[in-house]
Amino acid sequence: MLSEKVKKEIEGSLKKYPTPRSAVMDALRVAQEERGHLTGEEMREIAGILGMEPVRVQAMGGFYSMYNVEKPVGRNHVQICRNISCSLLGAEHLISHMEKLLDIKTGETTGDKKFTLSTVECLGSCGTAPMMQVNDDYHENLTEEKIEKILKGCK
Ligand code: FES
């Protein structure tokens, strides 16, 4: 269920966009920020505020990898790209390395809820592959050493 604070923020953001449809991504972001993921109920509430059909909001939430729909994630959501450029430059090896470091498999969350490890299909940073996203930050030209440093620096 959306908090009053989130509802107000979404209502306010309606004024920033020419149509309610343009406000969907921002509304999903605002709602996700509160607890790290989105539920079907929350997306239906967002649709109600925006005056849209719920299925349209749910389609947006399900399409983009930055939204965690019905999937609670750890404090640090590590999303590593395994598409062509990243794969050619060693993504599979780096994924295995991270699974060992975190002692989890892809798709899992560590016992202390500090990390969730996911794979994604191209985050649009192919020129600096291999790359990954941790929460809102991009990390590029990854190596084993870089990954170890990034994970150590996470709260
Ligand atoms: S292939 Fe990895 S960012 Fe595009």
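Patches here are built from residues with over 30% relative accessible area and no salt bridge, joining like charges within 9 Å and nonpolar side chains (Val, Leu, Ile, Met, Phe, Trp, Tyr) within 5 Å. A salt bridge puts a side-chain nitrogen of Lys or Arg within 4 Å of a carboxyl oxygen of Asp or Glu.

## Ground rules

This is a predicted model: local features need pLDDT of at least 70, side-chain atom pairs count only at pLDDT 80 or more, and totals for chains, interfaces and linings use all residues. Residues are numbered from 1 along each chain as its sequence is written, and side-chain values use heavy atoms, with hydrogens and water left out.

## A surface patch

I84, L88 and L89 make up a nonpolar surface patch, together showing about 360 Å² of accessible area (Shrake-Rupley, 1.4 Å probe, with only the protein chains shown counting as cover for residues). With a relative accessible area of 58%, I84 is exposed (over 50%; buried is under 20%, partly exposed in between; 1.4 Å probe, protein chains only).

## The sheet

Four strands form an open sheet, ordered β2-β1-β3-β4 with mixed pairing (strands pair if DSSP finds at least two bridges between them). At the edges are β2 (115-120) and β4 (137-139), each pairing on one side only.

β1 and β2 run parallel over six bridges, and N76 has F115 in β2 as its bridge partner. β3 (residues 132-134) and β4 are antiparallel, joined by three bridges, with V134 opposite D137 in β4. Five of the six residues of β2 are buried, so β2 is largely enclosed by the rest of the structure.

Definitions and conventions:
Helix = DSSP H or I, 4+ residues; strand = E, 2+ residues; numbered from the N terminus.
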